[in-house]
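Here are my notes on this model, as numbered points. Please read them with the coordinates open.

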Amino acid sequence: MRANGIEIVYEAFGDPADPTALLIMGLGVQMLGWDEEFCELLAGRGFHVVRFDNRDVGRSSKIRGGPRPDVMAAAAGDPGSASYTLDDMAEDCVGLFDQLGVDRAHVVGASQGGMIAQTVAIRHPERVLSLASIMSTTGDPAVGQPHPEALPALLTSPPADGDAFAEFVVAAWRVIGSPGFAADEEALRARARASFDRGIHSDGTARQLVAIIVSGDRTAALRRLDVPTVVIHGMSDVLIDVSGGRATAAAIPGAELVLIEGMGHDLPRALWPRFVDLIVANAERARTLDSTA
C-alpha cells in the first residue's frame, strides 16, 4: 500500500469493523516482531489489528539516494547524515490510517516503535484513541540509555548468511532478552530466518538509528498530551534502561506505569496475555472518556 509517498507492507487481523489497533515495531525489526499469535489474541478482544514493516525494514520501501548514515556523527550532534526523522516515520503511520480509512486508532509501539507511537500522538492527537508505549523512552539523553553490555547488539552489523543471521539474533537476545522468562530460541531462530528471507537491510537499520538520535527530546511535547496512556517497561531492560519508561510515564499526564520484574528488551510469550490485558484496559479508558464527553 502506498502511504506518505512510500510503499508500506502490512497485515491485518480481526474484523475491520472493530476499532483499529496499530502495532509499531522497533529498530530494524520487521512486523514479524509482533507474533501472529499475539495479534490474534488482541484481535480476539475486539480489535482490528494492523502490523506493518516500518520504512527501511522488511518489504516496505528502502530509502535510496540519501546520505550514508553516520551513527557516531549523529551522536556527536551532527544531523547531516539523517535521511528522515521519527516525524517522518510517524507520518507513515498516519498515511497508513488514511489509506485504510481509519479516522482514529489505538496506537501501540515497542522500543523505537514506542517513540514513533508517541510522535504520532504528539503530531496527530485527533487520530489517537489510546497510546501504549512499551520498553521505550522520551528522547531525553539523560534517561533510557543502553547498558554497556547491550552496545554490541545495537551496533554490530549482522551476517549475510541466513543461518548465521539466525544465530546472531539468538546471541543478541541472550544479552537483551528477559532473564526472568524462558526464551523459545527455536521460535526466535524461525522468526529470524523468516525475516532474513523477507529482506535484511543493515543500512536501513542504521538510518533508523540516526533518525532516533536526531529527533531529540519529546518530553515537553509529551506533557501536552491528553490521551489514555499505558507505559510498560521491563525492570531488566539493558537496551533501553527502565529510566526511559519511568520518564515517559512521568511526562504524559495521567499515564499508567507498569514495571515488570524479569522483563528485558523483548516481548516474552509468557507475558502476552498481560500485555493484551493492559492494552485492552487502556483502550477501555478511551471508550469511557468518549462516552462521557
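**Notes on the predicted model**

1. Start with helix α1, residues 36–43. Its buried residues are Phe38, Cys39, Leu42 and Ala43. Looking down the axis of α1, these buried residues fall within an arc of 140°, so they line one face of the helix. Look also at the start of α1. There, a side-chain oxygen of Asp35 comes to within 2.8 Å of the backbone nitrogen of Glu37. Keep in mind that this is a predicted model.

2. Next, His48. This residue sits in strand β5, residues 48–52. Its relative accessible area is 9%; because buried means under 20%, His48 is buried. The side chain of His48 makes a polar contact of 3.2 Å with the side chain of Thr20. Beyond its neighbours within four places in sequence, His48 is in contact with Ala12, Phe13, Gly14, Asp15, Pro16, Asp18, Pro19, Thr20 and Ala21.

3. How do helices α3 and α4 pack, and at what angle? Helix α3 covers residues 86–100 and helix α4 residues 112–123; they pack at about 75°, with their axes 8 Å apart. That angle makes α3 roughly perpendicular to α4. From α3, the contact uses Leu86, Asp87, Met89, Ala90, Glu91, Cys93 and Val94. From α4, it uses Gln112, Met115, Ile116, Thr119, Val120 and Arg123. By class, the contact of α3 with α4 has eight nonpolar, two polar and three charged residues.

4. Two backbone values deserve a look. Most residues other than glycine have a negative phi. Ser111 has a positive phi, near 60°, and is not a glycine. Ser111 lies in the loop between β6 (105–110) and α4. With a relative accessible area of 10%, Ser111 is buried.

5. Met135 is placed in the loop between β7 (128–134) and α5 (151–155). Met135 counts as buried, at 5% relative accessibility.

6. Which residues does His265 touch, apart from those up to four places away in sequence? They are Ser111, Met135, Trp173, Ile176, Gly177, Asp237, Leu239 and Ile240. His265 itself is in the loop between β9 and α11. At 5% relative accessibility, His265 counts as buried. The side chains of His265 and Asp237 are joined by a polar contact of 2.8 Å.

7. Last, Leu271. Leu271 is in the loop between β9 (256–260) and α11 (272–292), the loop that also holds His265. Is Leu271 buried or exposed? Leu271 counts as buried, at 5% relative accessibility. Leaving aside neighbours within four places in sequence, Leu271 is in contact with Phe181, Ile260 and Met263. Leu271 and Ala255 are 16 residues apart in sequence, and their C-alpha atoms are 20 Å apart in space.

Key
Residues numbered from 1 in each chain as written. Predicted model: local features only at pLDDT ≥ 70, side-chain atom pairs only at ≥ 80, totals over all residues. Heavy atoms only, no water. Helix = DSSP H or I, 4+ residues; strand = E, 2+ residues; numbered from the N terminus. Buried < 20%, exposed > 50% of the residue type's maximum accessible area, 1.4 Å probe, protein only. Contact = heavy atoms within 4.5 Å. Polar contact = N/O pair within 3.5 Å; in protein donor to acceptor, adjacent residues only side chain to side chain. Axes fitted to C-alpha atoms, helices over the stretch in contact; angles between N-to-C directions. Parallel < 35°, antiparallel > 145°, perpendicular 65-115°, else oblique. Nonpolar A, V, L, I, M, F, W, Y, C, P; charged D, E, K, R; others polar. Arc of directions from axis to C-beta.
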